[in-house]
Amino acid sequence: MGIIRKALTSRPVASLTSPFTVDHYLEQIHPMLAAGNVRAKVLEVRRETGAASTVVLRPNGAWEGFVPGQHVQFGVEVDGKRRVRVFSVSSSSTAKKGTFSVSVKAHPDGYVSQFLHKELEPGTIVYLSQAEGEFVLPQQVPDSVLLISGGSGVTPVMSMLRTLRDKGHTGQVTFLHYARSRDDEMFTDELDDIEATTDFRIVRVYTRQPAPGAELAGRFHIDHLKHLGVDPVGTLTFACGPAGLIASVRDTYAELGAAGQLRMEYFKVPSVDLDAADATGMLSFDDSKMEAFNTGATILEQAENAGLQPDFGCRMGVCNTCAVKKNSGAVRHVVSGEVNATTDETIKICVQVPIGDVNVAL
């Protein structure tokens, strides 16, 4: 099949099928037939909590696999319109039978996540990208690993934890997870099982409804690491979750001189809290010949408020769907606070706010 697929995606075949692609014709035969595009059949939709589900998928032959921690662009067609969002792979990389899963928490204003949680049925064909992202386990995993997650940020970390378990990792693995309550926690039964059947240390902190006799309470703090006996300087650490959690972990590691050991990914862009001086000037949408007073919101939000419809996927700076060229002006990243004023640079408008006058190619 590899030789056939390579031939079908070659330049001579592309010239024969122009202006369409070969996949356009293959999909007329069967929706899973594609030479270059990834498609997957939904095998199961499994409820994790009242607001979260896992979708088990069988991809077609175009799928190249994933590294634990990566995500995919996940598209579904509803009422004739394809909607795409970014979801993390949650399954072990050793999953058999050519399947993998994504796990998603449904947000009140999330059209795709709500559809996935409430309406997606087995047998549905979904549209995927190849796996993407640099927040991944290394090929050679060191003896000591710390996994930190918060809320739905557990999904890529769960893929790492499952993979380490299934590959028989014999080093020290500590999993530290923060959730509002046990009822709000994803993968509860499996985490219980991993805790009971492996030497991994599984610690869950319920911030709103602490478990009776819990060894840790409250939000992330350096004292939590001290209690667990984790030395950040000597421990490769992966952290994924809300921006507030990631900021706390990042600052703690920086203060301890352990920033080089930290790998981060965040879920949910925080509300923007800018100095009043930043929310000045005009935001110009060059391609649309429009401009608006800078409100201090992200460029994506301001574009939408101006009536534009930019492409977007995750709305949290993970995928590159919303990337556009900034022609001029300065922008600030809503999580890191980093300011960039380079001319003609590409930015992700879902996590950048303009400072003063900014012109973007929208």
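**Aromatic rings and their surroundings**

Modeller: Phe135 has a relative accessible area of 4% and is therefore buried (under 20% relative accessible area; exposed is over 50%, partly exposed in between, with a 1.4 Å probe and protein chains only). This is a predicted model, in which local features need pLDDT of at least 70 and side-chain atom pairs count only at pLDDT 80 or more, while totals for chains, interfaces and linings use all residues. Residues are numbered from 1 along each chain as its sequence is written, and side-chain values use heavy atoms, without hydrogens or water.

The model has five aromatic pairs (rings of Phe, Tyr and Trp, the last by its six-membered ring, with centres within 6.5 Å; planes under 30 degrees apart are stacked, over 60 edge-to-face, the rest tilted). One of them joins Phe135 to Phe238: the ring centres are 5.8 Å apart and the planes stand at 80°, so the pair is edge-to-face. Phe135 sits in the loop between strands S6 (125-128) and S7 (144-150), whereas Phe238 belongs to strand S10 (residues 236-242), so that the pair links parts of the chain 103 residues apart (strands are DSSP runs of E, at least two residues; helices are runs of H or I, at least four; both are numbered from the N terminus). Phe238 is also buried, because its relative accessibility is 1%.

Tyr178 and Phe220 make an edge-to-face pair too, with 6.4 Å from centre to centre and 75° between the planes. This pair again links distant parts of the chain, 42 residues apart: Tyr178 is in strand S8 (residues 172-179), and Phe220 is in the loop between strand S9 (201-206) and helix H7 (222-228). Both Tyr178 and Phe220 are buried.

Elsewhere, Trp63, Phe66 and Phe100 form one aromatic cluster. Phe187 has Arg162 over its face, 4.8 Å from the ring centre (NZ of Lys or CZ of Arg within 6 Å of that centre and within 35 degrees of the ring normal).

Met282 lies in strand S12 (residues 282-285). Its C-alpha is 5.2 Å from that of Asn294, twelve residues away in sequence.

Tyr253 is one of the buried residues of helix H8, along with Ala243, Leu245, Ile246, Ala247, Val249 and Thr252. After H8 comes Gly257, with a positive phi near 70°.
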